[in-house]
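Subject: Two-chain model, handover and notes

Hi,

Here is the model for your review. My notes follow below it.

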Amino acid sequence: MQSHNTQLMPESMEKTPSAWNYEIRENNASGHTVRLSGRIAIETASDCLKQLTSQLKKTALPIYFDLTDITVLDDYGALVLFELKHALKIPDAEFQIINPPEAYKKTLSLVNFDFDERCSVTSGRMKNNIIVEFGAAAIEALAGIRFMIAFIGAIALAVVDVFKRPRSLRGHDTVTYMKTTGVDALPVVALISFLLGLIIAFMSSLQLKQFGANIYVASLVAMAMVSELGPIMTAIVVAGRTGSAYAAEIATMKISEEIDALFSMGFNPTLFLVIPRLVASFITIPLLTVFANFFGIAGGLLIGVVLLDLTASAYITQTIDALTIFELMWGLMKSCVFAILISGVGCLKGFQAKGGASAVGHAATAAVVNSIFLIILFDSMFAVIRSYIG
Amino acid sequence: MPDKPIIELSHLTVSYNDALILDDISFSVPAGEIFLIVGGSGSGKSTLMRHMIGLENPQKGHVFIETIDITQCSDDAFQKALKKIGVLFQSSALIGSMTIGENVALPIIEFTDLPKAVIANMVRMKLSLVGLECYVDHLPSEISGGMRKRAGLARAMALNPEILFLDEPSAGLDPITAAEIDELILHINRSLGTTMIIVTHELDSIFNLGHRLIMLEKTTKRIIAEGMPYELKTGSPHPMVRQFLSRRADMPEKQGKGEEVE
């Protein structure tokens, strides 16, 4: 008998239990016998597959795998044998396993699978062509619009409900949301508008200085803050802070079936979840806007006094002269609309969430992106309307 | 059965904000055993398991996985200990943004260097072991709760761990699926010699699977029984243990099936 013997890792064999070994022997009759020993398991599988594939490439068939000396054979080991057969394209008849220890017979049977046969029942994700994808997207968009209309209707009904029975408004929740939406947002809104007022005053002063029209910095800051930047900046900050929180909160409740639970207990989910948030933001966002206006003007005042040599009283007088009640009310009206947009979109995106943890993140992102877009869109519409009414 | 302990707890004591949850828990589990942690709702079974897998650190006591004390070892040693264990969480804890196949492949890709195609076959093998080979490309949200549990089991077994921790593996499943899971647990235990630590209160599983059990009790927060299920059912000196194991309600305190207190 001619034997050619390949010893692998002879030292580590004794030291670590994870070692394995093999020996290829040419048979008297025909083919070769591969005598495997040691552990053919998860930690050796990769090495085993590599070594044997390269060693057996040119070996004459049939190949007999002798498993007599194997100490451990797990499913990874069984898979190695299976992969070997496939990689070397050995036909069934020429691939033999001899003397498998009794304990590992069942493990070996694991790899005798035929996927195609068993998996015809359920197919996973289908690959579609572009037209089907387009159609599916259109249908989804329509469903989204339908959902939105239904949502607006549900809000309208719930609002009517609240007017009929004021006690159905969840007062405690509303106060809590007023705190998180309004009070907690005040520091960041104040800081941002103060800096904004500072910037506007500084930038405009560079131009107005050339004409000696320093005092008009006050009018410019006041007008810009009160009619445009105050409402918009407040709305954007609140959309990022609160709109996303509303969406994430409701989306989490949706995917964990809490909303279904509320519904089955006889609560109206819209009345329970949306109306308190809507009311809270409708009250607090205009108030925040007032603060934003105030701090913006204060920022302008700082620049006016420090850099432009204006007196504080002159600056304030000019500011009061420039502003009209209409201007103030217009800005506040806008921020009321933004409030409804932010809380409405936040809640809507929450209710639309489907699936797992990623749905929550998606809802929060969609809420912020959509409400900022709608804020800008509505603001432009207001600008157009404004140009008509003078 | 080999008698070398693979897990050993010594004097484990846990309390949250002065509320005692577990008091002086000591036991050891020899390799290859199916070991059950049973007890009524709120008896601290899940807390005990969370400490055994190192998710939380106890106030007092030690947890040894083989020779590593996971309560006070280095990060490296802890990682080494983690490689030896697989955990099936009560809620399956599959990653929602990945398909079932990707969930099972995740640890295999990370901790072996097999080629992609081989890993794909391995994933199918693992999934066919739990009867989910046709759901490789489904998201966890697209399959039922029982299937998620089985997929979670497939992921826990992905690297053939020496110790499997199963938190209520058959709770919430239909009797047939539950029996299949029990069968599967037995098969894995026999063929791979995996040590199983199972938190459960399914009586069928307790008697079908358990080599040995400990029972926790919620008033004393201690182990009130330790031994073989059938022996304890009739032979335990503690009336509550006998009642629990024979599912009788005539007892001072209601025990049995219920939700775990968080």
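First, a term for the sheets: two strands pair if DSSP finds at least two bridges between them. Helices (H or I, at least four residues) and strands (E, at least two) are DSSP runs, numbered from the N terminus.

Some conventions. This is a predicted model, in which local features need pLDDT of at least 70 and side-chain atom pairs count only at pLDDT 80 or more, while totals for chains, interfaces and linings use all residues. Residues are numbered from 1 along each chain as its sequence is written, and chains are lettered from A and ligands numbered from 1 in the order in which they are written.

The sheet in chain B

Chain B has an open sheet of 4 strands, in the order β2-β1-β4-β5, with antiparallel pairing. The edges are β2 (19–30) and β5 (68–69) of chain B. Each has a single partner strand, so one side of each is left without a neighbour in the sheet.

Strand β1 (residues 5–16) of chain B runs antiparallel to β2(B), and 8 bridges join the two. B:Y16 is opposite B:A19 in β2(B). B:V14 is opposite B:L22 in β2(B). The two strands make a hairpin with 2 residues between them. In the turn, B:N17 has a positive phi of about 45°.

β1(B) also pairs with strand β4 (residues 60–65) of chain B, again in the antiparallel sense, over 5 bridges. Here B:L9 faces B:V63 in β4(B).

Helix α4 of chain B

Helix α4 (residues 116–129) of chain B has 14 residues. The expected span of a helix is 1.5 Å times one less than its number of residues. For this helix that should be 20 Å, and the end C-alpha atoms are 20 Å apart, which agrees.

A residue is buried if 20 or more other C-beta atoms lie within 10 Å of its own, exposed if 12 or fewer, and partly exposed in between; C-beta atoms are placed from the backbone. The buried residues of α4(B) are B:V118, B:M122, B:V123, B:R124, B:M125, B:K126 and B:L127. Just after the helix, B:G131 takes a positive phi of about 75°.

Cores

A nonpolar core is a set of buried Ala, Val, Leu, Ile, Met, Phe, Trp, Tyr and Cys residues joined through C-beta atoms within 7 Å. The largest has 95 residues. Those with the most contacts inside it are B:I37, B:A154, B:F165, B:I197 and B:M215. Strand β4 (residues 63–73) of chain A gives the most to this core, with 6 residues. A second, separate core has 62 residues, including A:M178, A:L220, A:Y246 and A:A367.

Two residues to look at

B:I197 lies in strand β8 (residues 195–199) of chain B. B:I197 counts as buried because 23 other C-beta atoms are within 10 Å. Two residues are in contact if their C-beta atoms, placed from the backbone, lie within 7 Å. Leaving aside neighbours within four places in sequence, B:I197 is in contact with B:I7, B:V29, B:F35, B:I37, B:M52, B:I163 and B:F165. B:N103 is 94 residues from B:I197 in sequence and 22 Å away in space, C-alpha to C-alpha.

A:T68 is in strand β4 of chain A. A:T68 is exposed, with 11 other C-beta atoms within 10 Å. The C-alpha atoms of A:T68 and A:A247 are separated by 62 Å, and the two residues are 179 apart along the chain.

Domains

Domain bounds come from an automatic or database domain assignment. Chain A is divided into domain 1 (3–118) and domain 2 (139–389). Their centres, taken over C-alpha atoms, are 69 Å apart.

Chain B has domain 1 (1–84 + 164–251) and domain 2 (92–160). Their centres, taken over C-alpha atoms, are 25 Å apart. The contact takes 10 residues from domain 1 of chain B and 10 residues from domain 2 of chain B. Helix α6 (residues 175–192) of chain B gives the largest share of the domain 1 side, 5 residues.

The chain interface

How many residues of chain A are in contact with chain B? The contact involves 26 residues of chain A and 24 residues of chain B. On the chain A side, the elements that give two or more residues are α2 (42–56), α3 (75–87), α4 (105–109), α5 (115–118) and α14 (357–389) of chain A.

Best regards
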